[in-house]
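Student: I have a protein model open and would like to work through it by question. Please show it first.

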Amino acid sequence: MDIKKFVRPNICSLQAYEAKEITCKVKLDANEAPYGLSSRVLASLMSPKSLRLFGGLNRYPDPEAKSLKKLISRYFGVRPENILHGNGSDELIYYLITTFGGPVIYPVPTFSMYGIIAQAIGEKKIEIPLDEEFDLDISRILKTIRKEKPRLIFLDSPNNPTGNCFSSERILRIIESTLSLSIVVVDEAYQPFSSRKGFLPLLEDYKNLVIMRSLSKIGLAGLRVGFLIADGEIINEVNKVRLPFNLNSLSQAIAIEVLKDRKAMQRNIQLIVSERKRLFHELSKIDGIKPYPSEANFTLFRVKDPDRICKGLLKKGVLVRNMKGVVDGCLRVTVGTPKENRIFLNALKEVSSKA
Ligand SMILES: *Cc1c(COP(=O)(O)O)cnc(C)c1O
């Protein structure tokens with residue numbers, strides 16, 4: 001029996017997302033935060049209240065994640081009705097494309113999940129290359145919008161893997177030109193690390209604007225918690241395709257504990273931002289290496305021989321991401337702890353001097 005014959009063609013041609021586990025001492029390949037839960041949060045997880053939670057795992061989680069949403073709503077200054085919770089923002093991308101369909105437009109290079117999920121669902125995807133500065137090619141995007149009438153547009157800002165924010169003015173032009181045509185999703189997974197304002201303040205003005213946020217890059221990648229923030233009507237429609245118990249009890253409870261201490265979270269973010277600046281400065285000084293400015297928790301950098309450098313780094317225990325096929329000639333490194341960054345920089349200096 002040929003199983004392939006039973007598989008829908010769009011799935012047949014899809015590649016499974018490669019998330020290989022490579023053992024290393026210093027893991028700087030996945031844009032995770034280098035800091036785990038604080039001792040305060042860990043202690044709270046040992047409290048009688050938490051033990052009751054573990055004892056109650058025979059019950060389903062709160063399908064509406066009410067307590068968590070309440071906290072998030074205070075965090076962002078929006079109403080709970082304007083929030084939808086996801087098992088990571090990956091799941092929310094799935095829900096958005098399921099709800100609104102395609103064509104789905106996004107600039108490239110960018111986060112790979114928009115394209116993978118559009119294809120998995122069987123919707124048309126349209127990729128528009130970024131310009132020389134890694135900014136939006138606005139005339140080409142507007143032209144494509146007129147021609148293709150997309151239902152969804154994904155804009156990742158700060159953009160993974162390039163690290164820059166797109167010009168706010170260009171994002172605004174896209175939102176304004178699609179008011180009665182498309183939903184524009186601004187993926188702000190890296191916004192906490194950015195010096196720019198972000199699009200949350202504009203939600204009131206544009207009904208077709210959706211903001212996507214995630215806790216993954218600010219310390220909770222293992223929990224799988226993401227959010228949409230948007231007009232109530234959009235939230236209601238997307239909520240129809242949400243699996244009822246998509247966010248498990250432990251993730252809800254731990255996210256609440258972590259978010260309660262906003263100061264601690266802010267401190268970690270500040271540390272990462274200042275290390276990012278130092279990393280950029282140090283990378284610029286190394287012969288044959290060109291780092292790109294970043295507003296995120298990672299830095300893209302150009303090297304002469306990416307394959308050799310990547311392998312050389314791994315031999316020294318440092319794992320970074322080779323962007324071959326995405327941004328040829330570049331590697332992407334996550335900002336780690338000061339110690340991890342030091343190990344990375346020293347390894348890179350050694351490997352790149354041995355041409
Ligand atoms: C990492 C990342 C996400 C986060 O996805 P989660 O499913 O929340 O872990 C979303 N968007 C972009 C651009 C990312 O890089």
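Student: Which residues does Ser73 touch, not counting those up to four places away in sequence?

Tutor: This is a predicted model, where local features need pLDDT of at least 70, side-chain atom pairs count only at pLDDT 80 or more, and totals for chains, interfaces and linings use all residues. Residues are numbered from 1 along each chain as its sequence is written, and side-chain values use heavy atoms, with hydrogens and water left out. Ser73 lies in helix α4, a helix being a DSSP run of H or I with at least four residues, a strand a run of E with at least two, both numbered from the N terminus. Contact means heavy atoms within 4.5 Å, and Ser73 touches Val78, Arg79, Pro80 and Ile83.

Student: Is Ser73 buried or exposed?

Tutor: Buried means under 20% relative accessible area, exposed over 50%, and partly exposed in between, with a 1.4 Å probe and protein chains only. The relative accessibility of Ser73 is 8%, so Ser73 counts as buried.

Student: Why does Asn208 count as buried?

Tutor: Asn208 sits in the loop between β6 (183-187) and β7 (209-214). Leaving aside neighbours within four places in sequence, its contacts include Ile175, Leu179 and Val184. Asn208 counts as buried because its relative accessibility is 3%.

Student: How many residues of α11 are buried?

Tutor: Helix α11 covers residues 249-260, which is 12 residues. Among the buried ones are Ile254, Ala255 and Leu259. The buried residues pack against α2, α3, α4, α9 and α12. α11 is mostly covered, and the number of buried residues is nine.

Student: What distance does α11 reach from its first C-alpha to its last?

Tutor: The expected span of a helix is 1.5 Å times one less than its number of residues. For α11 the expected value is 16 Å, and the model is close to that, at 17 Å.

Student: How many residues apart are Lys124 and Glu148?

Tutor: Lys124 and Glu148 form a salt bridge, with the closest N and O atoms 2.9 Å apart; the term means a side-chain nitrogen of Lys or Arg within 4 Å of a carboxyl oxygen of Asp or Glu. Lys124 is in the loop between α6 and β4, while Glu148 is in helix α7, and the pair is 24 residues apart.

Student: Is Asp135 buried or exposed?

Tutor: Asp135 meets Arg170 in a salt bridge (3.6 Å, N to O). Arg170 has a relative accessible area of 24%, so Arg170 is partly exposed. Asp135, at 12% relative accessibility, counts as buried.
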